[in-house]
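Subject: Structure for your files

Hello,

The structure we spoke about is below, followed by notes on what was found in it.

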Amino acid sequence: MNRPETDPHFEYLLRLGDSSLILGQRLAEWCGKAPILEEELALMNIGLDLIGQARLLLSHAGQVEGRGRDEDRLAFFRDVQEWRNLLLVEQENGDFAKTMARQFLFDTFQGLQYRELAASADSTLAEIAVKSLKEAEYHQRHSRNWMLRMGDGTEESHTRLQKALDELWGYVPELFEMDEVDQAMIAAGIGIDTNALRAEWDSRVREVLSEATLTVPDVGWAVSGSRKGQHTEHLGYLLAEMQFLPRAYPDARW
Amino acid sequence: MTDKAPLHELPLFEVFIRSKNGLHHRHVGSLHAADAEMALTAARDVYTRRSEGVSIWVVRTKDITASSPEDRGPFFDPNEDKMYRHPTFYDLPDEVGHM
């Protein structure tokens, strides 16, 4: 539940930071298990980029909130209902095709998001966006490359990738959803109108899918809820693993 | 490593990195990738993650023509007694500095 006293600025930063952190954690799950060494390093680089972005965003969120919570406090001591990441990024890795499909859908979105946030009236957020945009551009190139090669690759890679897209497509509309927090942040010049990015996202994604001989899914369902802390069943397991150590040993040090 | 590479194994590429402008590309290693573009991004991820480079070349290993060990005699041995090819007999003016 959204507590009425929640500061929209804090909430807004939390949404951005949480999506990066959860997707970074998902990619880290590939460590030691990626299909080839080259791709293992790529996935870890991208995951660490995302975790780096999350650290900056959550630190900033903690400062905006002003209750003494730092990045670690926010990352390790919140339960499922307090997380604001997009449902798309918490979806399980599945096979490599599903991981890449999830990545491609998100990378395309995040790149547009950072491009717009670079003009934010929150100068810290604008700086984070400028720095992260370069990373996001590389992530897009990487996941786009895989979409083209798997989609237009073998029969098996094509089938797997199409299935992955079909499974994930219902989480896409949430990317462009907006509520009173977004409206307040747009009014303050801090946030961006994600709805206005939809057409560009659509055309970029459709262009790649078409070149990759993939079909734009028509799944007839869509879920959302992350803005209110309503998540799919997968997030709890992810948090249990990610948060175990600092919760079991609160003063643990390297 | 077996002699028989599985059919589904990706082609091998050699990677060359220029560490900074003005220096030439140096061979740093190799990797497997589906094609040249993927080799380029893989090289970026494998070989430049600690800021090792400003430019990358990749080339299919099979496209490199290499001299063979049997070439060593005719290729390299005849140079050994031709000291006059080494520019060690000139007095360089101090202004030239290191060459």
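Helices (H or I, at least four residues) and strands (E, at least two) are DSSP runs, numbered from the N terminus. On that basis chain A has 10 helices and zero strands, in the order α-α-α-α-α-α-α-α-α-α from the N terminus on. Chain A is as compact as a globular protein of 254 residues, because its radius of gyration is 18 Å, close to the 18 Å of the globule rule; the radius is taken over C-alpha atoms, and the rule is 2.2 Å times the number of residues to the power 0.38.

This is a predicted model, in which local features need pLDDT of at least 70 and side-chain atom pairs count only at pLDDT 80 or more, while totals for chains, interfaces and linings use all residues. Residues are numbered from 1 along each chain as its sequence is written, chains are lettered from A and ligands numbered from 1 in the order in which they are written, and side-chain values use heavy atoms, without hydrogens and water.

Of the 254 residues in chain A, 55% are buried (under 20% relative accessible area, 1.4 Å probe, protein chains only). A nonpolar core is a set of buried Ala, Val, Leu, Ile, Met, Phe, Trp, Tyr and Cys residues joined through side-chain atoms within 4.5 Å. The largest one holds 79 residues, and Leu105(A) and Trp201(A) touch the most other members. Helix α5 (residues 96-117) of chain A gives the most to this core, with 11 residues.

Beyond its neighbours within four places in sequence, Trp201(A) is in contact (heavy atoms within 4.5 Å) with residues including Leu105(A), Phe109(A) and Trp169(A).

Regards

Methods. Buried means under 20% relative accessible area, exposed over 50%, partly exposed in between (1.4 Å probe, protein chains only).
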